[in-house]
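Here are a few friendly notes to read alongside the model. Please keep the viewer open and find each residue as you go.

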Amino acid sequence: MSKVQNITVLGATGTIGANTLDVIARHPGRFRAYALTAHSKVEPLLRQCQQFHPRYAVMLDPDAAERLEHGLRSLELDTEVLCGIEAMEFVSSLEEVDAVMAAIVGAAGLKPALAAANAGKKVLLANKETLVMSGALFMQAVRQGGATLLPIDSEHNAIFQCMPPNFSQGLGPAGITKILLTASGGPFRKFTLDQLAHVTPAQALNHPNWVMGPKITIDSATLMNKGLEVIEAHWLFDAAPDQIEVVIHPQSVIHSMVQYNDGSVLAELGNPDMRTPIAHALGCPERIESGVAPLDIFAIGQLNFERPDTGRFPCLRLAFEALDEGGTAPAVLNAANEIAVQAFLAGNITFMDIPRMIETTLSEVGTAAVSGLDDVVNADAQARAVASDWLERKVTC
Ligand code: NAD
Ligand code: MG
């Protein structure tokens, strides 16, 4: 077997980060967790350092970094501690790093993911917000940096597995007519508008099929997650909006499908466990064991499909509109959504206020062309300011 691959795991303490380390631990002769990063929770990162002995551990927060340093020294571990987003960019572009798992949540993940792409790494992209905010710039960085981009989002990983090798030359020439992007429908799939008006954060955090971090779990309940994934699919596969169809599939067994002009539809199936796409991307082009239980199709029995209802779930419509609008609109959508999700989780707005806040922000901020990263960063900041204003007015009235 070839040499051990050094892996940087951005967002190591999150759901995707922990699943990545679970797969890495199953293949000690193949992978080494070389650098681990986290926001501010010291204990989980310290435990991961104890188990994996990374060369670097990075915290966003300087106080947390100091506490981590103290903990590591008292355990006599020699992992070097760094702090700040620049340090996350540094461990994503180190010469000796082979692959970077980009699993920070939200817009915060953009710069380290871009650093990995610019440095020509194998980029395992979980942080879909990177592509939503700056798809054109990110794909350009992948091409110019000579990086290999592998999708971790289960739907996009499934689509990637169902694509022919020449898909980058265009979907049409490859004989592809449509991407069928599956969605579980979330915990409120059958709720009426009246019921949706009263749902609580605890209900929204209770996803029927997947165990995920809080932000993506709320996004799944509003269908914004599917909206972000439509934009993600547009950039990853160079698919026009009308070549992407969202299909509600409550069992989450088919992770997505690709339809061909000869009538074939290829699907990837499996248990809903993120270790499958993670192992696929880590091992690619080889297949490696992931720890996921074999799929029992007899126990599942049936697979169902429904059309999405954008009347009850307007976030999906807003995402399609932002994709059509182009420029900075998807970055504005993403930033407003992040503020709205935080406000909903904090109990400051209702579930149906989430699309209201995003729609108001999109119309107040407007759209500009993207010619560089500054345009994206400015649109993100402007959207956060407008959405926060909206929130303040809402809370005080
Ligand atoms: P999570 O909330 O469980 O973990 C987030 C990680 O990012 C943590 O390690 C946290 O410390 C770190 N982090 C948070 N804010 C940060 C900041 N400002 N700067 C640096 N680090 C920060 O999230 P998750 O569910 O693991 O999701 C991570 C990403 O993967 C998201 O973009 C999500 O959309 C995507 N994704 C997740 C799943 C899933 O099953 N969880 C599936 C598909 C895609
Ligand atoms: Mg997904």
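1. Let's begin with Leu 345, which you will find in helix H15, a helix that covers residues 329-345. Keep in mind that you are looking at a predicted model. Is Leu 345 buried or exposed, or in between? Its relative accessible area is 33%, so it counts as partly exposed, a class that lies between the 20% limit for buried and the 50% limit for exposed.

2. Now look at what surrounds Leu 345. Setting aside neighbours within four places in sequence, Leu 345 is in contact with Pro 201, Leu 205, Pro 214 and Ile 218. Take Ile 218 as an example: Leu 345 and Ile 218 are 127 residues apart in sequence, yet their C-alpha atoms are 8.5 Å apart in space.

3. Next, please turn to the magnesium ion (ligand 2). Which residues coordinate the magnesium ion? They are Asp 153 (OD), Glu 155 (OE) and Glu 229 (OE), at 2.1 to 2.2 Å. Along the chain, the donors of this ion follow the spacing D-x1-E-x73-E. The pair Asp 153 and Glu 229 links distant parts of the chain, being 76 residues apart. Asp 153 sits in the loop between strand S7 (148-151) and helix H7 (154-162), whereas Glu 229 belongs to helix H11 (residues 224-237).

4. In an unreviewed entry, UniProt lists Asp 153, Glu 155 and Glu 229 under "binding site". These residues are spread over 77 residues of sequence, but they cluster in space, with a largest C-alpha distance of 8.3 Å.

5. How much cover do two of these residues have? Asp 153 has a relative accessible area of 8%, so it is buried. Glu 229 is also classed as buried, because its relative accessibility is 1%. If we leave out residues up to four places away in sequence, Asp 153 touches Leu 125, Lys 128, Glu 229, Glu 232 and Met 274.

6. Leu 269, Ile 297, Phe 298, Leu 303 and Phe 305 make a nonpolar surface patch of about 530 Å². Where is Phe 298? It lies in helix H13, which covers residues 297-300. Phe 298 has a relative accessible area of 76%, so it is exposed.

7. A backbone detail to check is the peptide bond between Cys 284 and Pro 285: it is cis, with omega at about 10 degrees. Pro 285 is in the loop between helix H12 (275-283) and H13.

8. Finally, please check two residues with a positive phi. Asp 238 has a phi of about 50 degrees although it is not a glycine, and Ser 252, also not a glycine, has a positive phi of about 50 degrees. Asp 238 is in the loop between H11 and strand S9 (244-248), while Ser 252 is in the loop between S9 and strand S10 (254-260). Ser 252 is buried, because its relative accessible area is 5%.

Conventions
Residues are numbered from 1 along each chain as its sequence is written. Chains are lettered from A and ligands numbered from 1 in the order in which they are written. This is a predicted model: local features need pLDDT of at least 70, side-chain atom pairs count only at pLDDT 80 or more; totals for chains, interfaces and linings use all residues. Side-chain values use heavy atoms; hydrogens and water are left out. Patches are made of residues with over 30% relative accessible area and no salt bridge: like charges are joined within 9 Å, nonpolar side chains (Val, Leu, Ile, Met, Phe, Trp, Tyr) within 5 Å. Accessible areas come from the Shrake-Rupley method with a 1.4 Å probe; for residues, only the protein chains shown count as cover. A salt bridge is a side-chain nitrogen of Lys or Arg within 4 Å of a carboxyl oxygen of Asp or Glu. Helices (H or I, at least four residues) and strands (E, at least two) are DSSP runs, numbered from the N terminus. Buried means under 20% relative accessible area, exposed over 50%, partly exposed in between (1.4 Å probe, protein chains only). Donors are N, O and S atoms within 2.8 Å of the metal (3.2 Å for Na, K and Ca); water is not among the atoms, so sites may look incomplete. Contact means heavy atoms within 4.5 Å. UniProt positions are given in the numbering used here, feature names are shortened, and annotations may be inferred rather than shown by experiment.
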